[in-house]
Amino acid sequence: MTKLTITPDCANSPKKEFLKTFNQSFASGNASYICSHVSEDIVWEIHGDKSIRGKQNFSKEIHAMKHNIADELIIHTIITHGKEASVNGEIKMGNSTYAFCDVYRFTSAGNTQIKEIQSYVIQTA
């Protein structure tokens, strides 16, 4: 089970609550939840690693990752505005820690279908 540590300020809006759950799903390997919240034309740019385009390719990548369960997910900040948002924090897996920042673009300001993710990840320990 992945331990969740989150800044208390992160739960004061429905979209922030959604992004908290979305990131928890990444950390715990809940591929079906993640895939159900992306658009057919999703673009996931993992800077310095790869670019994934289309829901089919995205789903294949997420399902390949679902067995990499984090020991702890720490969310420092969730920022939302209109159809854009960002989440930054840390993921601890075994003896490794990764700092991350994901920038999201939704299909519209009023929903939770993600059209684009820009991911920045660095290993810190």
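**Rings and strands: a quick tour**

Okay, let's start with Lys15: its charged end sits over the ring of Phe106, 4.1 Å from the ring's centre. "Over a ring" here means NZ of Lys or CZ of Arg within 6 Å of the ring centre and within 35 degrees of the ring normal.

Quick housekeeping. This is a predicted model, where local features need pLDDT of at least 70, side-chain atom pairs count only at pLDDT 80 or more, and totals for chains, interfaces and linings use all residues. Residues are numbered from 1 along each chain as its sequence is written, and side-chain values use heavy atoms, leaving out hydrogens and water.

Phe106 also belongs to one aromatic cluster, along with Phe18, Phe22, Phe26, Tyr33, Trp44, Phe58 and Tyr104. How many aromatic pairs does the structure hold? There are 7. Take Phe18 and Tyr33: they're tilted, 6.4 Å centre to centre with 40° between the planes. Rings of Phe, Tyr and Trp (its six-membered ring) pair if their centres lie within 6.5 Å; planes under 30 degrees apart are stacked, over 60 edge-to-face, and the rest tilted. Phe18 is in helix 1 (residues 14-28) and Tyr33 in helix 2 (residues 31-35), so this pair ties together parts 15 residues apart in sequence. Helices (H or I, at least four residues) and strands (E, at least two) are DSSP runs, numbered from the N terminus.

Now the strands. Strand 4 (residues 72-81) and strand 5 (residues 84-93) run antiparallel, joined by 9 bridges; strands count as paired if DSSP finds at least two bridges between them. Leu73 stands opposite Ile91 in strand 5. In that hairpin, with 2 residues between the strands, Gly82 takes a positive phi near 60°.
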